[in-house]
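Here are a few notes to read alongside the model. Please keep it open on your screen as you go through the points.

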Amino acid sequence: MTKLDQIRAAEARLLLSTYERNPILFVSGEGVHIVDENGTKYLDLLSGIGVNALGYGHPVIEEAILRQSLALIHTSNLFYHEGQAELALRLTERTGMDRVFFANTGTEAWEGAMKLARAHAGLLRSEGKQIGTKFLALEQSFHGRTFGSVSTTYKAKYREPFGPVVPGVEFVRFNDVDDLRAKFSSEVCAILVEAIQGEGGVRPLTLEFLAEARALASSTGALLIVDEIQAGMGRTGKWCAYQHYAISGAPADGSSSVGWIQPDVTTLAKPLAGGIPLGAVLCTEEASRAIHAGMHGTTFGGGPLACAVAIAVIDHIEKENLLAHVTEIGDYFQEQLRTLSARHSAIVDVRGMGLMVAAELDSAELAKLTVAEMLKRRILINCTSDTVLRFLPPYILERAHVDTAIAALDEILTEHSGTAAAPQPATQSAAQSTGGMNHV
Ligand SMILES: Cc1ncc(COP(=O)(O)O)c(C=O)c1O
């Protein structure tokens, strides 16, 4: 029995069966590669589902972990340590927000944001404003697995086994401004969106939709909450994906002085501390008004270790100009996928922002098979929304890695899709017509 077989047998006996794991035992990693027990290297275009932004074995992360773990790992939130204010300053300066609450994971940050919205609406009511407790979320949304988060997550399969979930959530059709207007009222305490949906298939909001959500929320005092757990912290080439949405296209309702459509609240997690669990709720001064000592909290959130690593990650991203690199390599990735789509009609769309990239295929079966074939070729990707190949590589990806992935996809689609065509200019591809997010 191999070591992997032993672990599989033990997990099958001992763990809740929540995951369908691939039968690979990873033991180390370096750069954009992760290495299994046999020393086989895999090109990781998924980075632990958008977490390992600086790849594996990064000296800046290793040094921060070592330094902080030798000094202090945990204090609880009953006492001060050096990291929270220092990290909060970096985050607020880069996002247009004023205040931060630190949590541990994405879903926990999202819970905090939802609670903040309810408390804020309560405060407004106490001040005589007419505002309710309802949440508007979007179809195809994903916000996490805890009760509040799963209640605002669209797919029934995530919610229904656990019903009744948190009441008072209504779903709006994705990017449908009329539906948003029809469902919005003074009953709503917050509009909840991802600027670019991740699990929902790497789909960006239109500028028109986000601008309308901003205007509607501002009209009643409801909060606009943008979930940047997957798209934030540089993944799209900006610190937050909402910063791609230029205010010039938005209604002049005075809601932003920062050049982009500014939400009232945003949430971060995944890559925030380069692989150490850390989540954050960021909000404006106004949105924070209802929160007082004792109303919300966490034992671990914003601990010294996670904060020290997050500070190191942010400083490194800035020092190495990685946001510009993410934009450049992300554009190159999309370009290469579009060229590929001209040769394979099975690719029906290419879209994304920065290094949050997707190629949508014409069948779920082919998408599943492509992920499996990529794995056989030692390249990690995944498939979301049945037909969408999703790429969330580390920010340190280089063109040569993109070329390797494209060559593998070309080979797989040639072999399995039966849709390979003679090379054509990329402009004739189906993907080009809907290609992506470069609308702001
Ligand atoms: C947009 C978004 N929100 C929330 C979450 C939940 O984060 P976590 O898995 O850390 O709880 C995810 C995770 O995939 C996500 O992509």
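1. Start with His33, which faces Leu43 of strand β3. Its setting is an antiparallel pairing, held over three bridges, between β2 (residues 33–36) and β3 (residues 41–44). Two strands are said to pair if DSSP finds at least two bridges between them. Strands here are DSSP runs of E of at least two residues and helices are runs of H or I of at least four, both numbered from the N terminus.

2. A word on where these values come from: this is a predicted model, in which local features need pLDDT of at least 70, side-chain atom pairs count only at pLDDT 80 or more, and totals for chains, interfaces and linings use all residues. Residues are numbered from 1 along each chain as its sequence is written, and side-chain values use heavy atoms, with hydrogens and water left out.

3. What does β3 pair with in the parallel sense? The partner is β15 (residues 379–380), joined to β3 by two bridges. In this pairing Leu43 sits opposite Ile379.

4. Now the whole chain: it has 15 helices and 17 strands. Its radius of gyration is 22 Å, close to the 22 Å from the globule rule for 440 residues, so the chain is as compact as a globular protein of that length. That radius is taken over C-alpha atoms, and the rule is 2.2 Å times the number of residues to the power 0.38.

5. Of the 440 residues, 54% are buried. Buried means under 20% relative accessible area, exposed over 50%, and partly exposed in between, using a 1.4 Å probe and protein chains only. Among contacts (heavy atoms within 4.5 Å) between residues at least 6 apart in sequence, 73% link residues at least 24 apart.

6. Leu66 is worth a click: this residue belongs to helix α3 (residues 59–71), and it counts as exposed at 52% relative accessibility. Leu66 and Leu305 are 239 residues apart along the chain, with 9.2 Å between their C-alpha atoms.

7. Is Thr387 buried or exposed? Thr387 is buried, at 16% relative accessible area, and lies in the loop between β16 (382–384) and β17 (388–391). Setting aside neighbours within four places in sequence, its contacts include Ala359, Glu360 and Leu361.
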